[in-house]
Amino acid sequence: MVVYEIDKVRFRLKTHHDLTWIKKYGTVFSVIDETGSGCISFGVADGANKYFIKIAGVDTIDAEISPEESVETLKSAVKMYQILKHPNLVELLEHYPYQDYYAAVFRWVEGGCLFDYWNFEKYEKNPDILSPAARFRELPAERKLAAIEDIFSFLETVAENRYVAVDFYDGSLIYDFETDKMTVCDIDLFRKQPAVNDMGEEYWGTKRLKAPEEYIMDAAVDEITNVYTLGAMIFDFFGTFTSGEISRRYTDNRFMPCPEERWSLGKEAYFSTLRAVELDREKRYKTISEFHKSFRSAVITR
């Protein structure tokens with residue numbers, strides 16, 4: 001492992017890489033280096049604008065793929081940022097190869113990531129500091145519902161363009177507590193339909209939210225899968241779970257909804273969301289739009 005510093009911002013990589021060329025965009029003020037994607041990301045400011053720069057091929061300390069695979073993944077991803085352009089998707093400004101790397105430059109998004117795992121140690125050491133996820137769950141229902149409308153809208157665009165959201169979870173979301181805007185910040189592993197699980201149990205995604213088919217080799221991964229993921233996410237936003245229940249998602253490879261008495265959004269919304277996370281995919285909503293219509297109707301009648 002090699003430790004680097006640019007503009008007093010420290011980061012770690014497995015091997016040597018000179019990334020000082022990113023200073024052409026300004027001063028580095030943040031970094032995310034603990035990623036499985038093999039990408040390192042920097043926040044950079046030039047005084048007038050802020051940028052989020054993602055660089056593939058740098059061999060991050062937690063990389064789950066090779067630097068070459070990382071580069072090819074990001075190259076493919078930038079096309080999707082263009083195809084799936086949406087008011088709630090982070091804006092891609094430019095992308096290009098540089099030496100052995102590939103860089104994608106996005107407009108900076110203010111707010112907090114709803115699963116900022118790179119800060120977990122800070123929260124453990126400073127229990128008085130609330131994570132963005134904890135702050136979000138404490139918001140009034142109406143503000144959270146507005147944010148969920150943003151997610152529904154984006155996933156409807158994904159479906160309309162015949163793509164499926166892969167590795168989509170709370171870590172893909174940035175919420176601005178000042179403007180109440182939800183932004184999707186990572187779609188790198190989304191796939192064009194038709195798609196299948198070609199990795200078996202280790203298919204992309206967090207076990208906190210994965211659908212049953214995302215553990216089964218050669219199973220279809222589609223819009224019905226995304227219905228499940230969004231339903232599980234909504235349960236996390238409006239339900240209460242014990243640490244033991246969260247842990248069992250990892251050991252049992254299975255999301256389990258909270259009981260109705262630990263749900264904060266009313267009976268109709270509970271059962272609407274419950275259908276989205278049916279283990280039997282034939283019992284789920286067939287489309288994100290169908291789920292959206294049911295959920296919105298249930299919320300209105302609460």
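How many residues does helix H1 have, and how far does H1 reach from its first C-alpha to its last? In this predicted model, local features need pLDDT of at least 70 and side-chain atom pairs count only at pLDDT 80 or more, while totals for chains, interfaces and linings use all residues. Residues are numbered from 1 along each chain as its sequence is written, and side-chain values use heavy atoms, with hydrogens and water left out.

Helix H1 (residues 67-83) has 17 residues and reaches 25 Å from its first C-alpha to its last, close to the 24 Å expected at 1.5 Å a residue. The expected span is 1.5 Å times one less than the number of residues in the helix. Helices (H or I, at least four residues) and strands (E, at least two) are DSSP runs, numbered from the N terminus. Ser70, Val71, Leu74, Ala77, Val78, Met80 and Tyr81 are the buried residues of H1. Buried means under 20% relative accessible area, exposed means over 50%, and partly exposed lies in between, as found with a 1.4 Å probe on protein chains only. The buried residues of H1 pack against several strands, among them E4 (39-45), E5 (50-56), E6 (92-98) and E7 (101-107). An α-helix has 3.6 residues a turn, so residues three or four places apart point the same way.

Across the whole structure, 20 salt bridges are found. A salt bridge is a side-chain nitrogen of Lys or Arg within 4 Å of a carboxyl oxygen of Asp or Glu. One of them joins the side chains of Lys54 and Asp188, at 2.9 Å from N to O. Lys54 lies in strand E5 and Asp188 in the loop between strand E11 (181-184) and E12, so the pair ties together parts that are 134 residues apart in sequence. Lys54 is buried at 7% relative accessibility, and Asp188 is buried at 10%.

A salt bridge also links Lys125 and Glu121, whose closest N and O atoms are 3.0 Å apart. These two residues are 4 apart in helix H2 (residues 120-125), and are therefore separated by about one helical turn. Lys125 is exposed, with a relative accessible area of 60%. Asp198 and Arg191 form a further salt bridge, with 3.2 Å between the closest N and O atoms; Asp198 is partly exposed at 44% relative accessibility. Glu213, Asp222, Arg281 and Arg284 are linked in a network of salt bridges.

On a 1 Å grid over the protein atoms alone, a cavity is a set of points where a 1.4 Å probe fits but cannot get out, and a pocket is an open set with protein on both sides within 12 Å along at least five of seven lines; lining residues have an atom within 4 Å of a point. A volume is the space filled by probe spheres set on the points, which are joined across faces, edges and corners.

The second largest pocket holds about 450 Å³ of space. Its lining has 20 residues, and Phe115, Ser131, Ala133, Ala134 and Arg137 are the closest to its centre. H2, H3 (132-137) and H6 (243-252) each supply at least two residues of this lining, and H3 gives the most, with 3 residues. The structure also holds 1 cavity of 30 Å³ or more, and the largest cavity has a volume of about 70 Å³. Residues lining the largest cavity include Phe168, Tyr169, Trp204 and Lys210.

Gly112 is in strand E8 (residues 112-113) and is buried, with a relative accessible area of 11%. Not counting residues up to four places away in sequence, Gly112 touches Pro132, Leu173, Ile174 and Tyr175, where contact means heavy atoms within 4.5 Å. The C-alpha atoms of Gly112 and Leu173 are separated by 8.2 Å, although the two residues are 61 apart along the chain. Leu114, in the loop between E8 and H2, is buried at 2% relative accessibility.

Some backbone features lie in loops. The peptide bond from Gln193 to Pro194 is cis, with omega near -5 degrees, and Pro194 is found in the loop between E12 and helix H5 (223-238). Asp7 is not a glycine, yet has a positive phi of about 50 degrees; Asp7 is in the loop between strand E1 (2-6) and strand E2 (9-13).
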